[in-house]
Amino acid sequence: MKLKGAQVIIEVLKEMGVDTIFGIPGGAVIPIYDALYDSDIRHILATHEQMAAHMADGYARVTGRVGVCFATSGPGSTNLVTGIANAYMDSVPVVAITGQVPTNLIGKDAFQEVDITGITMPITKHNFIVKSPDKLADTIRQAFAIAKSGRPGPVLVDIPKDIQNADIEYVKGREDSINIKNNVNGIVSQKELDKAIELILQSKKPVIFAGGGVIWGEASAELIEFAEKTNIPVASSLMGLGCFPEDHPLSLGLIGMHGSRFANLAVFKSDLVIAIGTRFSDRVASKAGGLAPNAKIIHIDIDPAELGKNVEVEVAIIGKVKEVLKLLTNKLPFLERKEWLKEISDLKEKHGLKYKNDEVLRPQWIVEKIQELSYDDLIIATEVGQNQMWAAQFYKFKQPRTFVTSGGLGAMGFGLPAAIGAQVGRPDKRVVNIAGDGSLRMNIHALETAAVYNLPVITVLLNNQTLGMVRQWQNLLYDKRFSHTDLNANLNFAKLANDFGVEGIRVTTKEEFEKAFKKAYCEKRPFMIECIINKDEMVLPFIPAGGTVENTIG
Ligand SMILES: Cc1ncc(C[n+]2csc(CCOP(=O)(O)OP(=O)(O)O)c2C)c(N)n1
Ligand SMILES: [Mg+2]
């Protein structure tokens with residue numbers, strides 16, 4: 001069938017099962033948008049391309065599918081950069097399609113020409129520029145295959161305008177018409193497995209440290225089975241939250257810089273760490289060897305480049321975490337660990353997360369109340385800073401793909417657009433964005449998108465009138481020299497939300513919050529609840545960068 005290049009792009013997206021695209025049109029993608037006009041694919045018009053990328057990212061995180069965004073050449077594509085870097089750092093499958101100036105103008109500083117494949121080289125799993133019409137269809141198919149194979153990540157396809165206008169013979173393919181040969185051959189090393197089993201049998205104080213790879217590897221059920229059979233407690237990185245139910249007796253919850261002291265102590269005292277689908281980021285293993293100084297480490301990951309990168313490991317198992325966990329569970333007997341589990345429950349009693357629960361409206365209470373009032377059935381997104389850490393600490397995640405947060409990049413402004421993308425991907429669920437006032441300022445115009453498409457995201461703004469997390473560091477580590485962290489307290493976010501078409505309610509007391517949240521939760525439309533909180537609230541405990549649990553503050 002003869003089609004225009006732009007039509008081929010839309011046809012291939014349909015082959016890939018794409019139902020939603022986030023983007024903004026422009027000169028270099030007009031042909032693609034023209035072809036989109038005739039298709040059933042839903043398009044969400046963003047207010048800024050960074051938003052489109054974060055929306056695609058949020059959509060991918062909650063659905064497990066590839067998120068797709070479109071941008072025009074030049075500024076459209078450079079606006080995607082933060083969003084692409086964010087997806088790269090957190091291993092999220094996103095395909096970004098950008099328009100490019102016609103091939104005969106490339107390299108001539110044409111209007112809105114920018115070398116976006118060069119710019120995004122270090123922040124994409126792979127990227128392409130399509131220079132010949134006959135490569136177009138397979139390049140897009142390949143982009144999807146790369147984005148979702150092995151360790152997922154973003155892929156960018158840059159398509160010059162003349163390729164979009166070219167006449168192309170299109171032959172329909174299928175979602176699986178391109179097979180990626182990644183370096184995981186599917187065979188798990190027997191030798192490494194045997195070594196792992198021996199270490200697990202010998203260990204008196206083992207812990208599991210689970211990361212986002214468990215979620216992307218769809219291995220939560222296998223993790224629960226493995227942990228229950230071996231009675232090994234499970235700690236989680238920020239990206240791993242939700243992969244193991246936090247109400248499970250074996251759950252330790254979050255570890256690292258803002259993990260509970262009890263969880264960090266449990267890992268610190270352990271003699272074996274079984275790390276699964278995690279990269280030992282410096283937010284967890286801040287000081288080399290300081291996370292678990294007496295432990296041997298078994299590291300299981302699909303990406304061989306992660307094994308031994310940030311910490312030295314005794315046993316490195318390359319493979320799909322789901323399969324490796326099944327193999328380990330089958331080979332191990334039921335193990336009882338009364339002493340270790342007793343030690344851990346004593347630690348929990350002594351060093352669990354706490355906050356002052358008085359009559360004051362406090363962020364920790366707000367997070368707990370959100371969970372209680374919504375019957376535990378939410379997807380939580382966050383911005384970056386204290387808001388993010390209070391959400392991670394006090395919301396008890398029980399299901400994978402229910403926590404959407406910018407982990408590796410820590411990009412303020414991620415939460416609201418990601419929440420919108422998540423809401424598009426999971427219309428059956430309610431998405432709450434726990435936000436900070438600094439971060440929300442960055443992308444507040446995404447509220448308009450929520451209003452226009454009636455996406456019932458609830459923004460719970462923890463308004464402390466400050467760049468709180470930076471202020472906290474200044475407070476604790478920089479002698480209270482609050483350099484440029486106070487924000488304009490006169491901005492009325494609730495009022496601003498109303499102007500964007502989202503009902504905004506400002507609250508200052510616990511009673512007002514409860515009333516407002518109940519209302520927002522009952523009515524299926526977007527809301528913003530602006531909670532005025534004290535700027536001196538802190539996220540505790542806190543292990544300063546480079547320290548260990550022995551340096552914990554709070
Ligand atoms: C794009 C971006 N710029 C700057 C930072 C540095 N930074 C990290 S947390 C933070 C403060 C965030 O303030 P707010 O959103 O109000 O959150 P709070 O900590 O007050 O809850 C800043 C400035 C960042 N992470 N991202
Ligand atoms: Mg703030």
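## Parallel sheet, ligand shell and buried helices

Strands β17 (residues 430-436) and β18 (residues 458-463) are paired in the parallel sense over 5 bridges. Across this pairing, Val432 faces Ile458 of β18. The model is a predicted one.

The two strands belong to an open sheet of 6 strands. Its order reads β16-β15-β17-β18-β20-β19, and the pairing is parallel. Which strands stand at the edges? They are β16 (403-404) and β19 (503-507). Each has a single partner strand, so one side of each lacks a neighbour in the sheet. In general, strands of a sheet are joined through backbone hydrogen bonds, in either a parallel or an antiparallel sense.

Helix α15 (residues 363-373) lies across β15 (378-382), β17, β18 and β20 (527-532). Relative to β18, α15 runs at about 165 degrees.

**The ligand shell**

Ligand 1 is surrounded by 17 residues. The closest are Gln386, Gly410, Gly438, Ser439 and Gly468. Three helices each supply at least two residues of the shell: α16 (386-394), α18 (437-443) and α20. Which helix gives the most? That is α18, with 4 residues.

| Residue (backbone atom) | Atom of ligand 1 | Distance |
|---|---|---|
| Gln386 (N or O) | oxygen | 2.7 Å |
| Met412 (polar) | nitrogen | 3.3 Å |
| Gly438 (N or O) | oxygen | 2.7 Å |

Taken alone, ligand 1 exposes 590 Å², and the protein buries 75% of that.

Thr466 sits in the loop between β18 and α20 (468-477). Is Thr466 buried or exposed? Its relative accessibility is 2%, so Thr466 counts as buried. Leaving aside residues up to four places away in sequence, Thr466 touches Asp437, Arg471, Thr485, Asp486, Leu487 and Lys535.

**Val68, in β4**

Val68 belongs to strand β4 (residues 67-71). Val68 has a relative accessible area of 0% and is therefore buried. What does Val68 touch, not counting residues up to four places away in sequence? The contacts are Val18, Thr20, Ile21, Phe22, Ala56, Val95 and Phe144. Asp19 is 49 residues from Val68 along the chain. The C-alpha atoms of Val68 and Asp19 are separated by 9.3 Å.

**Two covered helices**

How many residues of helix α17 (residues 415-425) are buried? The count is 11 of 11, and the helix is mostly covered. The buried residues include Leu416, Pro417, Ile420, Gln423 and Val424. Glycines are also among them: Gly415, Gly421 and Gly425. Ala418, Ala419 and Ala422 are buried in α17 as well.

Helix α1 (residues 5-15) has 8 of its 11 residues buried, so the rest of the structure largely encloses it. Those buried in α1 are Gly5, Ala6, Val8, Ile9, Ile10, Val12, Leu13 and Glu15. Gly17 follows α1 and has a positive phi, near 80 degrees.

How values were computed:
Residues numbered from 1 in each chain as written. Chains lettered and ligands numbered in written order. Predicted model: local features only at pLDDT ≥ 70, side-chain atom pairs only at ≥ 80, totals over all residues. Heavy atoms only, no water. Pairing = 2+ DSSP bridges. Contact = heavy atoms within 4.5 Å. Axes fitted to C-alpha atoms, helices over the stretch in contact; angles between N-to-C directions. Buried < 20%, exposed > 50% of the residue type's maximum accessible area, 1.4 Å probe, protein only. Near = heavy atom within 4 Å. Polar contact = N/O pair within 3.5 Å; in protein donor to acceptor, adjacent residues only side chain to side chain. Areas by Shrake-Rupley, 256 points an atom, 1.4 Å probe, with all protein chains shown as cover.
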